[in-house]
Amino acid sequence: MIHLIKLAVGCDGIDALKTFQAARLAAFGHVFHLTRAVPKRADELTEDGSIYWVIKGFITARQRVLDVQRDWDEEGRPRCRLILDAEVISVESRAMKPFQGWRYLPPDSAPRDRRPGEQEPPPEMAAELRALGLI
């Protein structure tokens, strides 16, 4: 199993991501993300792998990747359609510098899921508290 990590460009927070994904579900009947590159490790990715979303400089959420499909854009260029589980799962926030595209994320490097009802301070504060060894 392997995960992906991707910037949620233009997303202001996890609620905005959930709203965007709900709109995709309503419009298309499934949630997906389009990307140019097809993951070479697609088989590993669909074995319970997830896409981890970086929002405003912090990994904050994930969604399971259900399928990887080849697709094309309106101009006939090849694309990859990642079919995602509709559930957006909050994870323990972790600072992440910007990058382009997506990257593989080994399972042992992935942040843990937050338990239901578990509250975390704002991502910037949580990162500072973690750096001080307080959480």
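The side chains of Arg 64 and Asp 48 meet in a salt bridge, with an N to O distance of 3.2 Å; the term denotes a side-chain nitrogen of Lys or Arg within 4 Å of a carboxyl oxygen of Asp or Glu. Arg 64 lies in strand β4 (residues 58-72) and Asp 48 in the loop between α2 (42-45) and β3 (50-55), so the pair ties together parts that are 16 residues apart in sequence. Helices (H or I, at least four residues) and strands (E, at least two) are DSSP runs, numbered from the N terminus.

The model is predicted: local features need pLDDT of at least 70 and side-chain atom pairs count only at pLDDT 80 or more, whereas totals for chains, interfaces and linings use all residues. Residues are numbered from 1 along each chain as its sequence is written, and side-chain values use heavy atoms, with hydrogens and water left out.

**Salt bridges**

Arg 64 is partly exposed at 31% relative accessibility, and Asp 48 is partly exposed at 45%. In these terms, buried means under 20% relative accessible area, exposed over 50%, and partly exposed in between (1.4 Å probe, protein chains only). Side chains of opposite charge can pair when their charged atoms come close.

A second pair is formed by Asp 71 and Arg 81, whose closest N and O atoms are 2.7 Å apart in a salt bridge. Asp 71 belongs to strand β4 and Arg 81 to strand β5 (residues 78-84), so this pair ties together parts that are ten residues apart in sequence. Asp 71 is buried, with a relative accessible area of 17%, and Arg 81 is buried as well, at 18%.

Asp 73 and Arg 77 also meet through their side chains in a salt bridge of 2.7 Å, N to O. Here Asp 73 is buried at 15% relative accessibility, while Arg 77 is partly exposed at 39%. Salt bridges that share partners join Asp 73, Glu 75, Arg 77 and Arg 79 into one network. The whole structure contains nine salt bridges.

**Pockets**

A pocket is defined on a 1 Å grid over the protein atoms alone, as an open set of points where a 1.4 Å probe fits, with protein on both sides within 12 Å along at least five of seven lines; lining residues have an atom within 4 Å of a point. Grid points are joined across faces, edges and corners, and a volume is the space filled by probe spheres set on the points.

| Pocket | Volume | Lining |
|---|---|---|
| Largest pocket | about 500 Å³ | 21 residues |
| Second largest pocket | about 210 Å³ | 15 residues |

In the largest pocket, Lys 6, Leu 7, His 33, Leu 34 and Trp 53 lie nearest the centre. The elements β1 (3-7), α1 (14-28) and β2 (31-35) each supply at least two residues of its lining, and the largest share, five residues, comes from α1. The lining of the largest pocket divides into twelve nonpolar, six polar and three charged residues. In this classification Ala, Val, Leu, Ile, Met, Phe, Trp, Tyr, Cys and Pro count as nonpolar, Asp, Glu, Lys and Arg as charged, and the others, Gly among them, as polar.

The residues nearest the centre of the second largest pocket are Gly 13, Ile 14, Ile 55, Thr 60 and Pro 123. At least two lining residues each come from β4, β6 (89-95) and α3 (123-131). The lining of the second largest pocket comprises six nonpolar, four polar and five charged residues.

**His 33 and the cysteines**

His 33 is found in strand β2 and is buried at 16% relative accessibility. Not counting residues up to four places away in sequence, His 33 touches Lys 6, Arg 24, Trp 53, Cys 80, Arg 81, Leu 82 and Leu 84, where contact means heavy atoms within 4.5 Å.

Cys 80 is buried at 0% relative accessibility, and Cys 11 is buried at 11%. The structure holds zero disulfides, a disulfide being a pair of cysteine sulfur atoms within 2.5 Å.

**Backbone angles**

Most residues other than glycine have a negative phi. Asp 48, which is not a glycine, has a positive phi of about 75°. Lys 56, also a residue other than glycine, has a positive phi near 50°. Lys 56 is placed in the loop between β3 and β4 and is exposed at 59% relative accessibility.
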